[in-house]
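Student: I'd like to learn how to read a few features off a protein model. Can we walk through one together?

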Amino acid sequence: RAFSRSEKLTVRETAARSSIDQLTETQFQQEIPYSHGSLRNQMVHLIDDDMSWVLFLERKDAPIYLKPQDFRTRKEVRVAYDRAEAYVLAFTQRLNESHLEETYIWHPPPAPGPQQVTGLQILAHVVNHGTDHRGQILRILHDLGAPTFDQDLMAYLWQSGTSGTSV
């Protein structure tokens, strides 16, 4: 539940947005020779991946893969990101034990056949995957001269008052 609190997530997202806003549109779309490339491409990938997995958990059809080139500006990416973030956060509010324990059949492209995964495994992937890409985004921001911030989870939980009690 700590991860589903929108006011907690917004603190980190606001810091990232503030950093992104200090870049030019050219820097935002500048090709980076790693992972998904530009900052824009990274952000669109996060939107696409988070939405695809949440829709999968809801047993709904996933949208067609988003194409970064369809997003011409930071504002267009932000609008799509805000929409996806609101959808994902609403899903986490409805999340219950049955979602975590339920078994899903997944067809990963490299596997020879369908694979069984639980909702908990999927959510662990979404969190881990998002952390990986946010780390890449922070590195890109740093390399482009924008301010960055610490993304340490335990420090964040302590600073936000959600880590528990002192001993």
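Predicted model: local features only at pLDDT ≥ 70, side-chain atom pairs only at ≥ 80, totals over all residues.

Student: Is Trp53 buried or exposed?

Tutor: Trp53 has a relative accessible area of 12%, so it is buried. Phe56, at 22%, is partly exposed.

Student: How many aromatic pairs does the structure hold?

Tutor: There are 3 aromatic pairs. One of them joins Trp53 and Phe56 edge-to-face, with 5.5 Å centre to centre and 90° between the planes. These two sit 3 residues apart in helix H3, so about one helical turn separates them.

Student: What about Trp53 and Trp106?

Tutor: That aromatic pair is tilted, with 5.5 Å centre to centre and 55° between the planes. Trp53 belongs to helix H3 and Trp106 to strand E1, so the pair ties together parts 53 residues apart in sequence. Trp106 is partly exposed, at 32% relative accessible area.

Student: Now helices. Which residues of H4 are buried?

Tutor: Among them are Val77, Ala80, Tyr81, Ala84, Val88, Leu89 and Phe91. Down the axis of H4, the buried residues fall within an arc of 165°, so they line one face of the helix. Lys75, Arg83 and Gln93, on the other side of H4, are exposed.

Student: What span should H4 have?

Tutor: At 1.5 Å a residue, its 21 residues should span 30 Å, and the end C-alpha atoms are 30 Å apart, which agrees.

Technical notes: Residues numbered from 1 in each chain as written. Heavy atoms only, no water. Helix = DSSP H or I, 4+ residues; strand = E, 2+ residues; numbered from the N terminus. Expected span 1.5 Å × (residues − 1). Buried < 20%, exposed > 50% of the residue type's maximum accessible area, 1.4 Å probe, protein only. Arc of directions from axis to C-beta. Phe/Tyr/Trp six-rings, centres within 6.5 Å; stacked < 30°, edge-to-face > 60°.
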